[in-house]
Amino acid sequence: MSNTVSRRGALGLMGASAAVPLLGTGTASAAPLATTAGGGATPVQGLHLTFGRDPARQMVVSWLTDGPVRRPRVLYGTLNDGFGSYAPAVTHTYLDGASNRTVWVHHAEINRLCPNTEYLYIAQHEGATPDAGTFRTAPSGRSAFTFTSFGDQSAPQVTWDLKGAPALDFFSTPAAKDIVTGIETVAPLFHLLNGDLCYANLDVDRVRTWNNFFANNARSARYRPWMPAAGNHEIEKSNGALGMDAYQAYFQLPSTETDPELAGLWYGFTVGSVRVVVLQNDDNCLQDGGDVYVNGYSGGRQLAWLEKELAAARASRDVDWIVVAMHQVMISTSDANGADLGLREKYGPLFDRYGVDLVLCGHEHDYERSLAVHGVVAESETLTPNPVSDATDDIDTTHGTVHMVLGGGGVSGTTNGSFFADGTGKVLTAVADKRDPATGKRKPTYVREKAVWSAVRDLDHPYGFAAFTVDPGRRPGGTTTMHVTYYNVAKPTGELSVFERFSLHRKRADG
């Protein structure tokens, strides 16, 4: 019998009664399933997955509760073996500075899993009904798989306004819900969420907005890891020195950072022959976009880590592709936030030196991608990325990096109608030392540039996501290909349609 089981089959097994051993093959050492009768415990909420440091062998199951609980844990197994194993959960808390409410988040790291294998799991704690899901571990070594990406989602639910009346979550649209259905339609191995997750910092009840975000996304994130990058709207006033206590509590990420204040803000992981590097850009960009201006908070620590990461990845014979996921952008032709000179100054030379293939962003609420770029246009005040090829359908990334802006994750205030029509873009080159009393932000200085790097823009559709399918190739030193599809999520139906397809290729590193 195969080790795999469909989600429908798994949930059919789980749907009968979570209070009874489901598969009948658990060992005596397994924790008993919690009963549902009269416990009165806060329920399991917002079930979501993230990879551990080794995605082929580690997975983290996380969930939220409204109060402290006893014995949070995860039971897991395969269809063949049953729920013969369990992992205890570690509880993280944070105090929301706006409401003075404590939030509890439980993370169970499951280790010693088998690569490329489907597992069933149940998250539980004493006195509450368990919740369940499935996941597939990453392959070990070169293999074909698909991942997806978008940024700037929001949470499509109801909250309270300043007067105590019902209101939508800030920037909410139905597309923030439809796009989750779209991700499940593609069914990737994992998803990259490129910052500005739910815009809780703008809502009166930030805790409720985070809960709404996880309730919406658990329809997918319980089945496949959603790996986030923190954007400017994850910076929340009075939630820690950097404003990111909530984000850091909600996600357990494969960070190697030893400073607790910086843990989880940047990290990397490898799936197959793809090394994914996730950055926190408010450390290095100039724009003032969060509740607190935190530019330079790591004192160069993130940049030093980034260079070591990129050098190790490009030197490895097991890594073909380097993909960077982050929020703010280095390219934009929309009259919105604009490209950021701080990122071009700090990241550009490293991306060039170590041959980064693909950079995935959000921040601009539209879709745009660049030609392959390497270096800068001579005597460019804005460090304009230099195109090294005019290819748009089949791109050799050994010559340069392709940037993709994927900011159509569901948020309102879309900017696809604000693209410049004259072949230019704008770059934020400086911010004022003091905040503007009218806006509460440091006033930006913009410089226009000729967007010689621009390849494709979606002028007509505000919402969508990209899917990336890796073909590892057939022989050492041969060609590996990444096939990219950008899907539109239609208004008002939520149906998917293909906006464009293209491919990236490069030589494998094992030649």
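**Aromatic contacts**

Guide: At 0% relative accessibility, phenylalanine 269 counts as buried, where buried means under 20% relative accessible area, exposed over 50% and partly exposed in between (1.4 Å probe, protein chains only). The model is predicted, so local features need pLDDT of at least 70 and side-chain atom pairs pLDDT 80 or more, while totals for chains, interfaces and linings use all residues. Residues are numbered from 1 along each chain as its sequence is written, and side-chain values use heavy atoms, leaving out hydrogens and water.

Visitor: How many aromatic pairs does the structure hold?

Guide: Rings of Phe, Tyr and Trp (its six-membered ring) pair if their centres lie within 6.5 Å; planes under 30 degrees apart are stacked, over 60 edge-to-face, and the rest tilted. The structure holds 27 such pairs. In one of them, the ring centres of phenylalanine 51 and phenylalanine 269 are 5.6 Å apart with planes at 50 degrees, so the pair is tilted.

Visitor: Which parts does this pair tie together?

Guide: Strands (E, at least two residues) are DSSP runs, numbered from the N terminus. Phenylalanine 51 belongs to strand 1 (residues 45–51) and phenylalanine 269 to strand 14 (residues 267–271), so the pair ties together parts 218 residues apart in sequence. Phenylalanine 51 is also buried, at 0%.

Visitor: Which residues do ring pairs link into a cluster?

Guide: The cluster comprises Phe51, Phe145, Phe147, Phe190, Tyr267, Phe269 and Phe468.

Visitor: Where does the charged end of arginine 448 sit?

Guide: A charge sits over a ring if NZ of Lys or CZ of Arg is within 6 Å of the ring centre and within 35 degrees of the ring normal. The charged end of arginine 448 is over the ring of phenylalanine 420, 3.9 Å from its centre.

Note on methods: Helices (H or I, at least four residues) and strands (E, at least two) are DSSP runs, numbered from the N terminus.
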